[in-house]
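Q: Could you take me through one part of this model up close? I'd like to see how its pieces pack and pair.

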Amino acid sequence: MSERTIEALLQEGRRFPPPEGFRQRANVTDARVYEDAERDPEGFWARAAADLHWFRRWDQVLEWNLPYAKWFVGGKTNLSYNCLDQHLAARRTKRAIVWQGEPGDERVLTYEDLHREVGRFANVLKSLGVRRGDRVALYLPMIPELPIAMLACARIGAPHTVVFGGFSAEALRDRINDAKAKVLVTADGGWRRGNVVPLKRNADEAMQGTPSIEHAVVVRRVGEQAAVNWQPGRDVWWHTAMAQAPERCDPEEMDSEDLLYTLYTSGTTGKPKGVMHTTGGYMVGTYLTTKWVFDLKEDDVYWCTADIGWVTGHSYIVYGPLANGATTVMYEGTPDFPDKDRFWAIVEQYRVTILYTAPTAIRTFMKWGPSYPEKHDLSSLRLLGTVGEPINPEAWVWYHTHIGGGRCPVVDTWWQTETGMILITPLPGVTTLKPGSATRPFPGIGAEIVNDKGQPVGPNEGGYLVLTRPWPAMLRGIYGDPERYQQQYWSRFPGVYFTGDGAKRDEDGYFWLLGRVDDVINVAGHRIGTYEVESALVDHPAVAEAAVIGVTDEVKGQAIAAFVTLKEGHTSVAQMVEALKEHVVKKIGALARPEQILFTAELPKTRSGKIMRRLLRDIAEGRILGDTTTLADPAVVQVLKERYEETAGA
Ligand code: PRX
């Protein structure tokens with residue numbers, strides 16, 4: 001976090017207790033839930049689990065063999081059943097999904113509709129040979145077919161792997177191969193700012209190297225606008241297959257610990273890893289947090305603006321809201337198409353009551369100015385949420401004022417792909433808010449801030465955020481790499497889960513998240529490993545060596561900066577900058593495009609050959625140079641710093 005942001009954190013002294021009207025009607029109004037849960041966390045989670053449907057009740061709430069947890073041991077359930085069949089009696093005609101496409105087309109699926117579509121698609125998957133335990137990859141735009149496919153997978157016990165539609169063909173291929181997926185569900189294309197994203201073309205390219213894929217199911221989304229190649233025998237149109245499929249598909253009775261999905265996320269080393277989430281605990285964790293954090297009620301219209309390609313969409317567009325029987329809004333496109341008021345037009349049109357978005361989006365809206373939200377009636381909103389990165393108090397206050405009309409609590413929710421569910425958050429009917437703080441661990445969650453040696457730090461001392469006890473939606477491991485699970489999360493500090501985040505706790509016990517402390521960059525709320533971008537850069541024939549860092553960016557939180565050494569015979573001309581940026585896009589996707597590339601004859605290294613990223617960060621952020629005494633050649637840094645200043649100033 002930049003000095004400026006920390007400064008602002010300290011300056012914003014206002015406190016926001018729950019507005020009286022909100023508090024009176026809130027799902028949780030009594031702070032004693034924290035003590036109750038603390039006294040008996042397992043009993044607390046068991047009470048939440050009892051709200052849901054189980055074919056067979058669990059024998060034991062938690063079996064904990066550090067670092068391996070089993071939740072609701074012996075329980076049999078099905079998450080698709082809980083998201084659909086459970087609601088048919090009381091909510092048959094209630095809207096489950098309200099969807100808007102970027103061009104303005106709409107689809108509304110009631111619980112009955114969704115149940116039918118999911119049953120059909122589950123049968124389609126079966127007809128293509130998908131059996132319980134087989135993996136299915138989903139590479140789709142934000143269209144209703146995506147949650148339908150996820151729920152169909154959950155129904156038949158085939159774990160899904162959703163790959164964000166902005167990832168490249170190569171990134172898709174890597175994920176399919178790691179998961180050994182049998183079927184890929186994709187679309188001819190998707191809409192983005194009026195242009196077609198050629199998903200099928202990328203999928204075709206990916207499938208040139210995916211031996212496990214037997215079939216691709218293709219949704220027709222953009223039609224004439226995207227010419228698609230077709231491989232007969234492998235490729236199947238979604239609409240053709242659905243037309244022939246029966247509606248009824250009885251759900252599999254899944255074990256609590258059966259794999260529900262894997263989702264790939266960036267770590268500090270190596271390729272993105274497949275975070276594993278299982279059925280029972282994930283269901284209970286997302287169900288209860290959705291209900292309590294968003295204060296979800298029967299008549300709410302809830303909109304989480306994330307893409308389902310990320311964990312936020314999994315937990316808080318699909319599973320959490322649907323397990324609660326909510327109406328969940330989905331939007332396909334960007335906030336600035338056709339104009340910068342698109343989000344506010346959607347809020348007005350559907351009378352959205354709860355809005356959950358990211359700090360980077362809020363800062364973008366701030367930059368565009370309040371005239372866009374002012375054009376619309378946002379009076380339906382009653383609660384706002386944010387997730388993905390630390391929110392600076394200015395953005396928090398702007399959101400509260402200009403979107404929430406000063407009347408809506410703002411829940412700043414901290415969590416991760418690995419945690420599966422929100423872990424640090426206000427409870428909007430209970431918690432007095434401080435702009436910029438995610439406030440407190442959710443009831444039943446153990447969080448601590450420790451120093452280098454793993455000892456708890458005092459108030460306002462910075463340290464590492466760790467989680468001290470298991471929680472229901474926690475990851476169960478890394479797909480195909482059990483050692484990495486142990487090593488990445490449970491080795492840094494013995495006995496506790498290391499989040500990779502820095503944090504401090506103030507004198508009132510409020511948590512303030514301070515960003516990643518490892519080699520993970522958070523660009524506009526998307527996690528990218530420096531190692532991945534470096535690998536993409538050195539894959540280019542002209543590059544000898546690369547070091548990638550995150551630099552502070554006013555809107556995106558962080559941006560990617562790369563220091564690159566070229567091989568003999570290559571020159572550092574402007575075209576090379578573009579070529580390298582494009583190469584990264586091709587290898588990973590547009591989200592990983594470096595903002596800045598600086599060529600250098602050498603990178604600063606320690607005598608043992610490790611690149612000193614800390615120094616690069618100092619250079620890029622214009623700080624005084626850190627300690628360079630361990631450098632093999634201290635002059636390298638001085639030269640780099642001068643070069644950087646020249647380039648950045650240019
Ligand atoms: O650094 C934290 C940041 O996002 C990381 C997790 O990223 P990902 O797995 O992609 O999941 C994002 C959505 C859950 C965390 O390690 N982060 C997430 N939420 C917050 C946050 N940082 C500060 N405040 C938050 N509310």
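A: Ile362, Arg363, Phe365 and Met366 in helix 15 are in contact (heavy atoms within 4.5 Å) with Glu394, Ala395, Trp398 and Tyr399 in helix 17. The residues of this contact divide into 6 nonpolar, no polar and 2 charged, where Ala, Val, Leu, Ile, Met, Phe, Trp, Tyr, Cys and Pro count as nonpolar, Asp, Glu, Lys and Arg as charged, and the others, Gly among them, as polar. The axes of helix 15 (residues 359-368) and helix 17 (residues 393-403) come within 9 Å and cross at roughly 70°; axes are lines fitted to C-alpha atoms over the stretch in contact, with angles running from 0 to 180 degrees between N-to-C directions. That makes helix 15 roughly perpendicular (65 to 115 degrees) to helix 17.

This is a predicted model, in which local features need pLDDT of at least 70, side-chain atom pairs count only at pLDDT 80 or more, and totals for chains, interfaces and linings use all residues. Residues are numbered from 1 along each chain as its sequence is written, and side-chain values use heavy atoms, with hydrogens and water left out.

Now for strand 18 (residues 354-357): Ile354 and Tyr356 are buried on one side, and Leu355 and Thr357 on the other. Buried means under 20% relative accessible area (1.4 Å probe, protein chains only). Helices (H or I, at least four residues) and strands (E, at least two) are DSSP runs, numbered from the N terminus.

Strand 18 pairs (at least two DSSP bridges) in the parallel sense with strand 16 (residues 301-304) over 3 bridges, and Leu355 stands opposite Trp303. With strand 19 (residues 383-387), strand 18 forms a parallel pairing over 4 bridges, where Tyr356 stands opposite Gly385.

Note on methods:
Buried < 20%, exposed > 50% of the residue type's maximum accessible area, 1.4 Å probe, protein only. Parallel < 35°, antiparallel > 145°, perpendicular 65-115°, else oblique.
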